[in-house]
Amino acid sequence: ARSVATVSPDGSYIAASAIDGSSTGIWDTTTGERIASFDGGRGDDRDAFWNPSRDLLATTASDADSVRIWDVSDPRHPALVTRLVVENATLLHGVFSPDGRLLAAVDTPQYTTLGTSRTSTVTMFDIATGRTMWSERLAGLTSQAAFSPAGATLATKHGDFLVGENFVTLWDTTDGTARGRLDVPPGGAGVQFLRNGDALITTGWSASDDRRRSATSTASAQLWDVSTLEPIGEPLPLDTRGGAYIGRDAEGSTAIIGTIDGAAVVWDVDPEHWEALACAIAGRNLTPNEWQHYLNGHPYSATCPQWTHGAD
């Protein structure tokens, strides 16, 4: 298999493009058996993504202007349901909303004519009706798109990667209104919602002051506060040359970050887990002097209630 693979909601199957791009396959995760093979669209089959709440699979192809929706209630015999057409599209990928009602299709052309602007398009579809809800042209090329857990907001990571400009735009999924935009570090492809949608995480390069990638650049991930669009803490080091797409667990407390070096980096991003770990390492509460030094302006409290000593 190649390109973007997808796992069924119950974990029983994987769908992905075949290695030669000639078809899309479905594999049984228990036995490894390829149980289905079908043509995902005109040109090389490219991406597959499973609907999280329905027996539907979406596929794209390299030169098709549509996302194909398949009924996979019988995974061994996928049946084409409909085509969701994006006008003048050349290279589509997409993502379902958590409740499976919406699909965001992103058109990111691989090549542009010299001297022309590099742009991409995001189009929102209603799965039940196949209706196009809205479509917006984005500045620069888009890498990853992600829905908030409630499905009310779509985040797209896009920009001109040649000059090192990267952005995340937050869209209202009902009408395509831009709710906000933040500048993110150059490089990296990933964006994802965490912590019940209160935080975002993005990937980028950790270059010191150069917006272009350099030989000394390494990848990192950054947490962002969705309400203020301000960074949360310092970048999380990935110890790799480049960060790719980001996945998360159902609770949004763990981020799984792909890299261009073949490794996946898993981060626990739950502050309560961090506090528990800090308490376990310290074995005591902060002293008043330590509290005043590190948390000046905040009322003193026992940060580790299980420890009764060390506060005096």
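**View 1. C279 and C304 form a disulfide, with their sulfur atoms 1.8 Å apart.** A disulfide is here a pair of cysteine sulfur atoms within 2.5 Å, and by this rule the count comes to one. The model is predicted: local features need pLDDT of at least 70, side-chain atom pairs count only at pLDDT 80 or more, and totals for chains, interfaces and linings use all residues. Residues are numbered from 1 along each chain as its sequence is written, and side-chain values use heavy atoms, with hydrogens and water left out.

**View 2. The link of C279 and C304 is left-handed, with -85 degrees about the S-S bond.** The pair links distant parts of the chain, 25 residues apart: C279 lies in helix α1 (residues 271-282), and C304 in the segment after α2 (288-294). Helices (H or I, at least four residues) and strands (E, at least two) are DSSP runs, numbered from the N terminus.

**View 3. Four strands form an open sheet in the order β13-β14-β15-β16, with antiparallel pairing.** The edge strands, β13 (141-147) and β16 (178-184), each pair on one side only. Neighbouring strands of this sheet are turned by 20 degrees against each other on average, direction ignored; axes are lines fitted to C-alpha atoms, for helices over the stretch in contact, and angles run from 0 to 180 degrees between N-to-C directions.

**View 4. Strands β14 (residues 153-160) and β15 (residues 165-172) pair in the antiparallel sense over eight bridges.** Pairing requires that DSSP finds at least two bridges between two strands. T153 stands opposite D172 in β15.
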